[in-house]
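Me: I am new to this structure. Please take one part and go through it closely.

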Amino acid sequence: MPDPTPDLPAALPFPAAVEWRVDPGLVDYPAALADMEARAAAIHAGEAAERVWLLEHAPLYTAGTSADPAELLDPRFPVHDAGRGGRYTYHGPGQRIGYLNIDLGHRGKDVRNFVHHLEGWMIAALGDLGIAARRAEGRIGIWTDDPHGREAKIGALGIRVRRWVTLHGFAINVDPDLSHFGGIVPCGISEFPVTSIAALRGNASMAALDAALKAHFPAFLSRLARCGTGLEQCDTAS
């Protein structure tokens with residue numbers, strides 16, 4: 001008779017070929033952008049390893065390639081052209097930013113697959129912190145329910161792919177000042193609020209989120225090989 005409770009597969013080891021970097025304090029946005037661009041070029045040239053870079057920024061707004069100036073409601077913070085897909089986003093203290101330099105040239109060359117599993121990685125990590133997050137059909141971002149039962153956005157992602165190396169990445173609201181989102185229409189979506197792990201009374205520890213992201217990263221990376229072929233370089237944002 002088969003065992004009704006078979007053993008779960010062992011957790012995948014963290015890949016030695018990928019650098020996992022966590023910066024303390026607030027990182028200057030233009031400097032981070034330049035560093036990320038340089039790393040992507042070095043990866044393409046075979047001179048550097050892939051990297052996940054976790055950090056925070058001082059309060060600022062970023063404009064993607066589809067940004068509508070009418071959605072910049074109150075430029076109370078510096079506004080930067082991000083060079084990624086998508087519209088306006090906010091970054092600030094209490095928000096975990098993840099910049100991903102991943103070489104899709106060796107991982108299937110499927111950007112849609114990458115974005116889908118990036119969403120799944122974020123959702124899995126949030127689950128470890130007590131947040132039931134999900135995708136929303138027809139809407140971009142990572143979603144959950146706020147304390148009033150409203151659907152609310154807790155995470156965003158915006159990706160650029162150059163020569164099959166990814167740039168930019170994701171943002172998860174741990175405990176930012178949510179009023180700072182009021183200066184923009186976040187990602188072009190005005191009818192739904194934003195929320196955070198702290199507002200939902202989850203485990204609002206940046207270190208705990210980082211640990212959850214790292215624990216689920218090997219599974220995320222392993223799924224990138226399951227993909228189609230023939231996609232060209234493109235921008236994708238959520």
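Me: Which residue's side chain does a polar contact of 3.1 Å join to the side chain of T89?

Reply: That residue is R84: a polar contact of 3.1 Å joins the side chains of T89 and R84. A polar contact is a pair of N or O atoms within 3.5 Å; within protein, one must be able to donate a hydrogen and the other to accept it, and residues adjacent in sequence count only if both atoms are side-chain atoms. This is a predicted model, where local features need pLDDT of at least 70, side-chain atom pairs count only at pLDDT 80 or more, and totals for chains, interfaces and linings use all residues. Residues are numbered from 1 along each chain as its sequence is written, and side-chain values use heavy atoms, without hydrogens or water.

T89 also has a polar contact of 2.4 Å with the side chain of T62. T89 sits in strand β5; strands (E, at least two residues) are DSSP runs, numbered from the N terminus. Leaving aside neighbours within four places in sequence, T89 is in contact (heavy atoms within 4.5 Å) with L60, Y61, T62, R84, I184 and C187.

Among the residues nearest the centre of the largest pocket are T89 and H91. A pocket is an open set of points on a 1 Å grid over the protein atoms alone, where a 1.4 Å probe fits, with protein on both sides within 12 Å along at least five of seven lines; lining residues have an atom within 4 Å of a point. The lining holds 33 residues.

Definitions and conventions. Helix = DSSP H or I, 4+ residues; strand = E, 2+ residues; numbered from the N terminus.
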